[in-house]
Amino acid sequence: MPRRTATMLASLLMLIALLCAGALMPVPYAEMSPGPSYNTLGSHQGECVLQISGQKGCEEGTGGHLNMTTVRVTGSEYKMNLVEAVYGWLAHDDVVVPHSTLYPDDKTPDEVNQENAEEFTQSQESAKVAALRALGKKVASHVIVAVVQRDKPAQGRLHAGDVIKAADGTAVRGPEDVAKLITKHKPGEKVSFSLVPAKDAAAAERKNQEPTRQKTVTVTTAKAEDGRAIVGIQAGVDYTFPLKIDIKLADVGGPSAGLMFALGIVDRLSPGDLTGGKFIAGTGTIDEKGLVGPIGGIQMKTIGARKEGARYFLTPQENCKAAAADVPDGLTLVKVHTLDGALKALKQIRAGDTAALPKCAKG
């Protein structure tokens with residue numbers, strides 16, 4: 001073989017090798033794709049998704065669906081290569097995003113998973129409160145000690161789950177009141193808490209009763225880095241429900257199932273059914289007042305829902321523009337902003353009055 005031809009061939013082979021090596025090199029991206037959806041009225045892995053005291057079984061077989069939707073993401077340790085990233089960018093059903101979008105650099109994978117689990121638990125609590133209040137049922141709320149920080153004055157004096165009734169004789173109505181009353185002091189001064197111990201509060205909750213037994217605990221404040229007086233607690237909110245509701249759904253995280261859980265609870269506790277036999281899916285966070293908030297991965301969720309048979313998709317108002325940019329054929333995007341609005345939309349769907357539905361529009 002002539003030397004020039006051999007040189008060109010060797011150069012070509014080296015170029016091919018470099019291109020192959022570059023294509024297989026890890027890149028700092030992760031992939032999102034449509035995940036499964038779960039019927040909140042049905043069962044998963046042999047258990048009813050919604051388990052409500054006094055009720056047996058689920059409502060599978062009625063034909064109606066109220067499906068919560070999910071997004072599947074690549075694991076924190078998985079390293080995409082360039083070929084996979086390019087394929088994901090070109091694919092219609094997948095989205096490639098910077099790895100740090102899903103797994104921030106300042107958090108470990110375990111911290112991300114823990115946050116997702118906590119958000120999922122909180123979404124369930126908010127869904128229960130919103131649903132029961134929409135049905136006119138009383139749900140009592142309590143300000144509690146959510147976290148006691150290590151090596152701070154409150155350690156050993158206050159405990160997670162303690163119900164805070166007052167601070168320095170002033171009644172507290174929300175977690176923010178606790179912080180305000182503590183920071184009125186100077187570091188080194190004492191704060192007096194009127195509270196119900198956690199064990200007594202838990203015993204009352206098991207009986208669906210208001211916690212009543214109180215005691216007074218005094219804590220000396222310390223100085224925070226910014227000079228504020230602190231005792232080393234984070235306050236939160238807990239609820240006493242008039243009936244027991246358990247949500248059984250493993251391997252799901254984040255807050256985006258709140259709306260669909262709330263609708264499932266309302267359906268299970270109301271006569272008839274909310275769906276009219278229709279396959280309805282949706283997403284959205286929810287707070288205790290029934291306000292529906294935006295979520296991530298909306299287009300992945302609409303694609304996944306339509307693949308499983310959904311005809312209507314309850315879409316948070318703030319996600320409407322993104323969802324409407326690429327709507328799967330046969331799927332109607334219904335704009336919702338509150339639980340009451342979602343219930344009204346379901347009534348219109350049952351009645352066949354779909355022309356009046358608030359729909360997501362492009363732009």
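Begin by selecting residues 65-73, strand S5, together with S16: the two pair in the parallel sense over four bridges. Here strands (E, at least two residues) and helices (H or I, at least four) are DSSP runs numbered from the N terminus, and two strands pair if DSSP finds at least two bridges between them. The model is predicted, with local features requiring pLDDT of at least 70 and side-chain atom pairs pLDDT 80 or more, while totals for chains, interfaces and linings use all residues. Residues are numbered from 1 along each chain as its sequence is written, and side-chain values use heavy atoms, leaving out hydrogens and water.

Next, select His65, whose bridge partner in S16 is Phe279.

Within S19, Tyr312 is the bridge partner of Ile280.

Finally, select Cys320 and Cys360, which a disulfide joins at an S to S distance of 1.9 Å. A disulfide is a pair of cysteine sulfur atoms within 2.5 Å, and a search of the whole structure finds one. Cys320 lies in helix H9 (residues 320-324) and Cys360 in the segment after helix H10 (339-351), so the pair ties together parts 40 residues apart in sequence. The torsion about the S-S bond is about -50°, so the disulfide is left-handed. Cys320 is buried at 5% relative accessible area, and Cys360 is buried at 14%.

Technical notes. Buried means under 20% relative accessible area, exposed over 50%, partly exposed in between (1.4 Å probe, protein chains only).
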